[in-house]
Amino acid sequence: MENPQVFATGALPGQAFARLAEAAQVACWPGPGGPPRTELAAQLARVDGLLCLLTDSIDAGLLAAAPRLRVVSSCSVGLDHVDLAAATARGIPVGHTPGVLTETTADLTLALMLAAARRIPEADGFVRSGAWVPERRWEPGMLLGRDLHGATVGLIGLGAIGQAVARRLAGFGCRVLGWTRSGRAVPGVESVALPALLAAADFVSLHIALTPETRGLLDAGRLATMKPGAILVNAARGGLVDEGALAACLANGSLAAAGLDVFADEPVAPTNPLLALDNVVVAPHIGSASIRTRERMADLAVENLLAGLARRPLPACANPEFASR
Ligand code: GLV
């Protein structure tokens, strides 16, 4: 029997692609950037499997025009770019990469907390710009930041990544508050209502999926109820926060700082007001970007794809309906 046809919207690191190529005919979009929608549609019209990235929007229209498609595998844990309900309705399992990126993303969250609180980019700029001159060798009031150790940290979302962040914060002697939509209880984390978390936390960190219900969760009203001088960290999805309102709170000093790995629109526009603020630390969506973790994500994405092509259960399937099929 002929090998199945697969379209990959981008190359993956490590050896995973080579394993895929042993079992399938793989066409890979050369990049840079992902394929335009017309190219995706043309490929989906002929392939059995799709390997995609979080930058590809896999909507109901594309899925409807994919008559042979047996599996979609995304090299990401988040799936806000895939219409899961439409895939389920078409009987298509959707794979993703939970678990393997948990600890790496939690590390990045701590890096953003510390960088924002201790003003690391400002300090770096100070040295590189030549502002650190002999007359300013060491000043008691220079570049003062805030402590993470001993702080109260509010985690919005207590899935695997939120819990991994909580474990790290225990080592910093933090009091950890948590709010989840499901009310899940986690040892070492005090479950509180969202308004109580926002009012009490010195740091607020987001760890929930972007869905129609969570989009804009931290809107102007909720941001205004955060503790004065608090720090917001987002390594989840930009759409969870009203960026204009956040920029206003950071500019007027009601919030001390923010550490942002994600934006509502990526890449973030150079005109985004957040980029004009010294008290904002930014990164280009690199939460899971360690060498080892990206290889493990690629491995799992390929395992999901191969399982779907063989009509076996996916090791990490996002549609609950097919998870144990
Ligand atoms: C990264 O944001 C992911 O969803 O894997």
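1. Let's start with His207. Setting aside neighbours within four places in sequence, His207 is in contact with Thr109, Leu155, Ile156, Gly157, Ile161, Gly162, Val165 and Ala236; contact here means heavy atoms within 4.5 Å. His207 sits in the loop between β9 (203-206) and α9. Helices (H or I, at least four residues) and strands (E, at least two) are DSSP runs, numbered from the N terminus. With a relative accessible area of 13%, His207 is buried. The cut-offs are under 20% for buried and over 50% for exposed, with partly exposed in between (1.4 Å probe, protein chains only). The side chains of His207 and Ser205 are joined by a polar contact of 2.7 Å.

2. A word on what you're looking at. This is a predicted model, where local features need pLDDT of at least 70 and side-chain atom pairs count only at pLDDT 80 or more, while totals for chains, interfaces and linings use all residues. Residues are numbered from 1 along each chain as its sequence is written, and side-chain values use heavy atoms, leaving out hydrogens and water.

3. Now Arg181, which lies in the loop between β7 (175-179) and β8 (190-191). Why does Arg181 count as exposed? Because its relative accessibility is 52%. Beyond its neighbours within four places in sequence, Arg181 is in contact with Glu213 and Thr214. From Arg181 to Ala236 it is 55 residues in sequence and 15 Å in space, C-alpha to C-alpha.

4. Next, the sheets. Seven strands make an open sheet with parallel pairing, in the order β8-β7-β6-β9-β10-β11-β12. Its edge strands are β8 and β12, each pairing on one side only. Two strands pair if DSSP finds at least two bridges between them. The parallel strands β10 and β11 are joined by five bridges, and Val233 stands opposite Gly259 in β11.

5. Five strands form an open sheet, ordered β2-β1-β3-β4-β5, and its pairing is parallel. Here β2 (25-28) and β5 (94-95) are the edge strands, each with pairing on one side only. Two bridges link β4 (residues 71-74) with β5 in the parallel sense, and Val72 is found opposite Val94 in β5. Across β1 (5-8), β3 (49-52), β4 and β5 lies helix α11 (residues 291-309), running at about 175° to β4. For such angles, axes are lines fitted to C-alpha atoms (for helices, over the stretch in contact), and values run from 0 to 180 degrees between N-to-C directions.

6. Which residues of α10 are buried? They are Glu243, Ala245, Leu246, Ala247, Cys249 and Leu250, and their cover includes α9 (220-224), β10 (230-234), β11 (255-260) and β12 (280-282). At the start of α10, a side-chain oxygen of Asp242 comes to within 3.1 Å of the backbone nitrogen of Gly244. After α10 comes Gly253, with a positive phi near 85°.

7. Finally, the ligand. Leu54, Ser76, Val77, Gly78, Leu101, Arg237 and His285 surround the ligand, counting residues with a heavy atom within 4 Å of it. A polar backbone atom of Val77 is 2.8 Å from an oxygen atom of the ligand, and a polar backbone atom of Gly78 is 2.7 Å from an oxygen atom of the ligand. Arg237 has a polar side-chain atom 2.7 Å from an oxygen atom of the ligand. A polar contact is a pair of N or O atoms within 3.5 Å; within protein, one must be able to donate a hydrogen and the other to accept it, and residues adjacent in sequence count only if both atoms are side-chain atoms.
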